[in-house]
Amino acid sequence: MKTIVITGGAGFIGSHVVRLFVTKYPEFRIINLDKLTYAGNLANLTDIEDAPNYTFVKGDITDASFLEGMFAEIQPDGIIHLAAESHVDRSITDPLSFVMTNVVGTANLLNAAKNHWKDSETAFEGKRFYHVSTDEVYGSLHNPEDFFLETTAYDPQSPYSASKAASDHFVRAYGNTYKMPVVLSNCSNNYGPNHFPEKLIPLLIHNIQLNKPLPVYGKGENIRDWLYVVDHARAIDTIFHNGTLGETYNIGGFNEWKNIDLVHLLCSIMDRKLGREEGTSAKLITYVTDRAGHDLRYAIDASKIMNELGWEPSLQFEEGLEKTVDWFLANHEWLDNVTSGNYQSYYQGMYANR
Ligand code: NAD
Ligand code: TYD
């Protein structure tokens, strides 16, 4: 039985990756290692929490001695690393927590894996360290014909993207220096169920329901490339199993949207779903002060993963947005609880002594 540690498995993307691995690979032991910050919720995983091949471990990747002890105990064969601070706006107000978790945490994890694996009988054979990263490390595109390729030079512009870029460099450095079996991916903006409502799409859905203003930064002209979260989880599965060691794969759906166009599309879907007159939600749009250093455009060229590994997105954007809205409307309780912090106190209490 293989043991796979998924870090950040209680977060938005991590919970979809945990669900996919727990259900698709009953022969794997899946360990979800998560600190349960404000962004991590075990309520994202209630449907699989009793599965015999699933275990949750509450822990902090910035704690090197905890990681050494945990790896000695559970003997992981693979690590899929998603734990991170992930919100650009928070990185502007509190950059150092991004350095701690994203840079120091990733270096700790690499080091613990290296020390544990190199001392084992089989060393690095059959092992794999998979680092999940973002397209934001490439910076901002200005020429409409340009796309981010795996070979695009790093040019991070926010404390978040700088911390992710640094973590990517550490992963490649461990691959090069210690011959660790590493693989990386850089994905575009995700959306879907369980998305924490500080990010654009769930924030809009939440505010439309409450008839609250819809804050659009600047003129709403920034462009993002959106991918349904389950398609990202499928890509991670593909790369973990079939990706070439030492390689990087860009993940995206060739699906660019100007923020203001996306806001209008979502308003119109919400009007229809809530039985409101078309145009009602759009009246809530409020232009606000732009984000500091706001990247203009992200756009991924995902040809490599499509051509070499045969992955492609399963959903068109409109279909994915409909599914996302349906999920949020059917899961009021989840949204109320994450916004009030109720899940945090419930689960923090449950795992306080572990
Ligand atoms: P998220 O903020 O929803 O979840 C992060 C998870 O990490 C949470 O469960 C949190 O509790 C956990 N965590 C944070 N600090 C920790 C620590 N010190 N120790 C252990 N656990 C800790 O993030 P997400 O949106 O699901 O992103 C997951 C990963 O994917 C991140 O590495 C992010 O950079 C990357 N990514 C995200 C997107 C996106 O659109 N959200 C796109 C591309 C890549
Ligand atoms: P976000 O979901 O924070 O993702 P990222 O910054 O990682 O791309 O933001 C997506 C886009 O939406 C980005 O251009 C910033 C913009 N935005 C708003 O206009 N208003 C908001 O309230 C938020 C959270 C984001």
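A caution before we start. This is a predicted model. Keep that in mind throughout.

Let's begin with the whole chain. The protein chain has twelve helices and twelve strands. How does its radius of gyration compare with the globule rule? The radius is 20 Å, close to the 20 Å that the rule gives for 354 residues, so the chain is as compact as a globular protein of that length. Along its principal axes, the C-alpha trace spans about 65 × 45 × 40 Å. And 56% of the 354 residues count as buried.

Now ligand 1. Which residues come nearest to ligand 1? They are I13, D34, S86, Y160 and K164, out of 28 residues around the ligand. Look at some atom pairs. I13 uses its backbone: an N or O atom there lies 2.8 Å from an oxygen atom of ligand 1. D34 uses its side chain, with an N or O atom 2.5 Å from an oxygen atom of the ligand. Y160 also comes in through its side chain, where an N or O atom is 2.7 Å from an oxygen atom of ligand 1.

How much of ligand 1 does the protein cover? Taken alone, ligand 1 exposes 840 Å², and the protein buries 96% of that. Strand 5 has the largest share, with three residues. By class, the shell around ligand 1 has twelve nonpolar, twelve polar and four charged residues.

Next, ligand 2. Here 17 residues form the surroundings, and the closest are E136, P215, R224, R291 and H294. Again, take the contacts one by one. A polar side-chain atom of E136 lies 2.6 Å from an oxygen atom of ligand 2. P215 works through its backbone, where an N or O atom is 2.8 Å from a nitrogen atom of the ligand. In the side chain of H294, an N or O atom is 2.7 Å from an oxygen atom of ligand 2.

On its own, ligand 2 exposes 510 Å², and the protein buries 96% of it. Which elements give two or more residues to this shell? Helix 6 (200-209) and strand 8 (214-217) do. Strand 8 gives the most, with three residues. The classes here are seven nonpolar, five polar and five charged.

Now find helix 7, residues 229-242. Helix 7 has 14 residues and reaches 20 Å from its first C-alpha to its last, close to the 20 Å expected at 1.5 Å a residue. Is helix 7 mostly covered or mostly open? Mostly covered: ten of its 14 residues are buried. Among them are V229, H232, I236 and F240.

Last stop, G126. You will find G126 in the loop between helix 4 (95-118) and strand 5. Is G126 buried or exposed? Exposed counts as over 50% relative accessible area. G126 has 53% relative accessibility, so it counts as exposed. Now look for K2. G126 and K2 are 124 residues apart along the chain, yet their C-alpha atoms are separated by 9.8 Å.

That's the tour. Thank you.

Conventions. Residues are numbered from 1 along each chain as its sequence is written. Chains are lettered from A and ligands numbered from 1 in the order in which they are written. This is a predicted model: local features need pLDDT of at least 70, side-chain atom pairs count only at pLDDT 80 or more; totals for chains, interfaces and linings use all residues. Side-chain values use heavy atoms; hydrogens and water are left out. Helices (H or I, at least four residues) and strands (E, at least two) are DSSP runs, numbered from the N terminus. The expected span of a helix is 1.5 Å times one less than its number of residues. Buried means under 20% relative accessible area, exposed over 50%, partly exposed in between (1.4 Å probe, protein chains only). A residue is near a molecule or strand if one of its heavy atoms lies within 4 Å of it. A polar contact is a pair of N or O atoms within 3.5 Å; within protein, one must be able to donate a hydrogen and the other to accept it, and residues adjacent in sequence count only if both atoms are side-chain atoms. Accessible areas come from the Shrake-Rupley method with a 1.4 Å probe; for residues, only the protein chains shown count as cover. Ala, Val, Leu, Ile, Met, Phe, Trp, Tyr, Cys and Pro count as nonpolar, Asp, Glu, Lys and Arg as charged, and the others, Gly among them, as polar. The radius of gyration is taken over C-alpha atoms; the globule rule is 2.2 Å times the number of residues to the power 0.38.
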